[in-house]
Amino acid sequence: MSQGRARSAGPAAAGGGGDWEHFAHGADIGVRGRGQTVAQAFEQAAEALTAVVTDPSRVRPLVAVPIHCRAPDLELLLYEWLNNLVFHMATQHLLFSAFKVTIVDGELDAEARGEHVDVERHAPAVEVKGATLTELLVRQGPDGCWRAQCIVDV
Amino acid sequence: MRVPAVFYADEALLADMDDKVREQLCNVASLPGIVGAAYAMPDAHWGYGFPIGGVAAFDAEQGGVVSAGGVGFDISCGVRTLVSNLTRADIVAVQERLAHELSRAIPAGVGSTGRLRLSDHEMDAMLTGGARWAVARGYGSSEDLEHIEEGGCIAGADPAALSHRARERQREEMGTLGSGNHYLEVQWVAEVLDAAAAAAFGLRADAAVVSIHCGSRGLGHQVGTDYLRDMVVAAPSFGLRLPDRELACAPILSDLGQRYLGAMRAAMNCALANRQILTHLCREAFRSILPGFDGRLLYDVSHNICKEEWHAVDGRERRLHVHRKGATRAFGPDHAVVPASLRSHGQPVLIGGSMGTASYVLAGCTTGEALAWSSACHGAGRSMSRNQASRQWHGRQLVDDLAARGILIRSPSLRGVAEEAPGAYKSVERVVDVAERAGLARKVARLEPLVCVKG
């Protein structure tokens, strides 16, 4: 697979113990979050999801949405998490920029904070149809860092 | 592999194809109950489980499967083309005003909403009625229905198979275009390539036409999301060992397979209703500026679907579930399901270009039946990722450059425009040339854009 760091989080995000990046897919785009814990990697993947649509730094964390989901394994949990965000983005016209995730025994509880889409200010590039199972991976590297990624369909 | 994997491409297109396309097509060729071969169209590129530009048929009686990944998230995404009574010069005379009016009338882009809000009861009626429902509600005419695949209404839709979330996602999205590569484009017939077929299709040289490319919106996306997960989780219970989770599938005759088919058909009806509403909004916008405008529907055909069709296999007619993921049905002349007025020349096959480049109208060939279950390409296909494209081009510059060439782009998102730059796509000319040379479909007319409304 041809991968390349495209848009990605800056040093500040990396300094917080996590970071994210996009990676290439033929027609669409990959989102990848990294963190010291699975939960942190999920938070970063979520920020990468927002960055598919707009610059996350332009999104103010004004509205809080609680999210709960479960899945039989961590990879399907990432799929559920990102698709829950996609659902709230689509139905409430929201963009998210701040995430707090906890994962216990295959259950995810989170709060996503963001604001309603403002076309002028956010200049949204594209809507996300869904997070896919393609390149879906949640894995801990030899350095102990967790990686959570998949392709999103736009 | 249970059957061969067959590519329709020339050397250059093959060389351009990502290795993933080969891997994905081989995976498809390994699925249970597949019949004949797994086929890649000339515009094939790396997709989800199935390559985009992939065609595969399954026999339910032989343990065949239906795959949510093989249809994709944008269920029944497709193209419809309207042929007008106007010429290119008529459009050029009012081009700025028309572009403005269309961009105002057609909800497009992130966060846009339609004017329609459906009650649960109306939602059910839409999901079972498709474009017929839309026409009954005053969007277009019954003449339109004759020129839509399946007469505008897919049988076997099961609204009860949809999740609450799927319905919620559609609540405000009826009559919206979406974003990404979806568009409404005013075009003109720049070249007639098959005079007899073009005449039958009503495509006169210099005539203005309108093409609409979009799908089942949030409802279809959620059906894909829901059933991909359900099929992956259920795979072991069916004894399915998937080389790629995105190939998620279920036996056609299983309860899950049947529920997916019911939900997918409901999403197909949603797409047909959506394109019908957009057609109505488009006609209204045209008539507000050009009162004499008449936009007759040439055809509406989807390119992300699974359909039950009868095909000859080893001299025997068999009922197959044909997946076309980024591929267009292309029945040859005299096929019974093609509208009588078009039948003698084959089914119209509508090939979308990318913003600023040509689109094509093709016609199905008799030879296509044996080659790929009467299927052809669906568009140019991307050759570059979105990130690469947005690094290489600037939206404002692209809009200005295209305006200088007489093509007006109207989009709420300049980054979206950059990601959809014409240079990020393969040459549509090469793709349709190969489709014609292979015998999948033949060229009827080349269309060039004048106005493009994008999300």
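Biologist: Which residue in β5(A) does Ile67(A) stand opposite, and how do I read such a pair?

Modeller: Strands of a sheet pair through backbone hydrogen bonds, either parallel or antiparallel. Here Ile67(A) stands opposite Ala110(A) in β5(A). Strand β3(A) pairs with β5 (residues 107-116) of chain A in the antiparallel sense over eight bridges, where two strands pair if DSSP finds at least two bridges between them. Helices (H or I, at least four residues) and strands (E, at least two) are DSSP runs, numbered from the N terminus. This is a predicted model, in which local features need pLDDT of at least 70 and side-chain atom pairs count only at pLDDT 80 or more, while totals for chains, interfaces and linings use all residues. Residues are numbered from 1 along each chain as its sequence is written, and chains are lettered from A and ligands numbered from 1 in the order in which they are written.

Biologist: What is the order of the strands in this open sheet of chain A?

Modeller: The three strands have the order β3-β5-β4, with antiparallel pairing. Since β3 (63-70) and β4 (94-104) of chain A each have a single partner strand, they stand at the edges, so one side of each is left without a neighbour in the sheet. From one strand to the next, the twist averages 20 degrees.

Biologist: Which strands of chain A does α3(A) lie across?

Modeller: α3(A) lies across β3, β4 and β5 of chain A and runs at about 145 degrees to β3(A); axes are lines fitted to C-alpha atoms, for helices over the stretch in contact, and angles run from 0 to 180 degrees between N-to-C directions. Helix α2 (residues 38-53) of chain A lies across β4 and β5, at about 165 degrees to β4(A).

Biologist: At what angle do α3(A) and α10(B) pack?

Modeller: Two packed helices are described by the angle between their axes and the distance between the axes. For α3 (residues 74-92) of chain A and α10(B), the angle is about 165 degrees and the axes are 12 Å apart. The two are therefore roughly antiparallel, the word for angles over 145 degrees, as under 35 is roughly parallel, 65 to 115 roughly perpendicular and the rest oblique. Leu76(A), Tyr79(A), Asn83(A) and Ala90(A) in α3(A) meet Gly218(B), Thr225(B), Arg229(B) and Val232(B) in α10(B).

Biologist: How many residues of chain B are in contact with chain A?

Modeller: There are 39 from chain B, in contact with 32 residues of chain A, and contact means that the C-beta atoms, placed from the backbone, lie within 7 Å. α10(B) gives the most to the side of chain B that touches chain A, with eight residues.

Biologist: How many residues of β14(B) are buried?

Modeller: In a regular strand the side chains alternate between the two faces of the sheet. Strand β14 (residues 359-364) of chain B has six of its six residues buried, where buried means that 20 or more other C-beta atoms lie within 10 Å of the residue's own, exposed 12 or fewer, and partly exposed in between, with C-beta atoms placed from the backbone. Both faces are covered, with Ser359(B), Val361(B) and Ala363(B) on one side and Tyr360(B), Leu362(B) and Gly364(B) on the other. β14(B) also pairs in the antiparallel sense with β13 (residues 348-351) of chain B over four bridges, and Tyr360(B) is the bridge partner of Ile351(B). Six bridges join β14(B) to the antiparallel strand β17 (residues 441-454) of chain B, where Ala363(B) stands opposite Arg442(B).

Technical notes
Contact = placed C-beta atoms within 7 Å.
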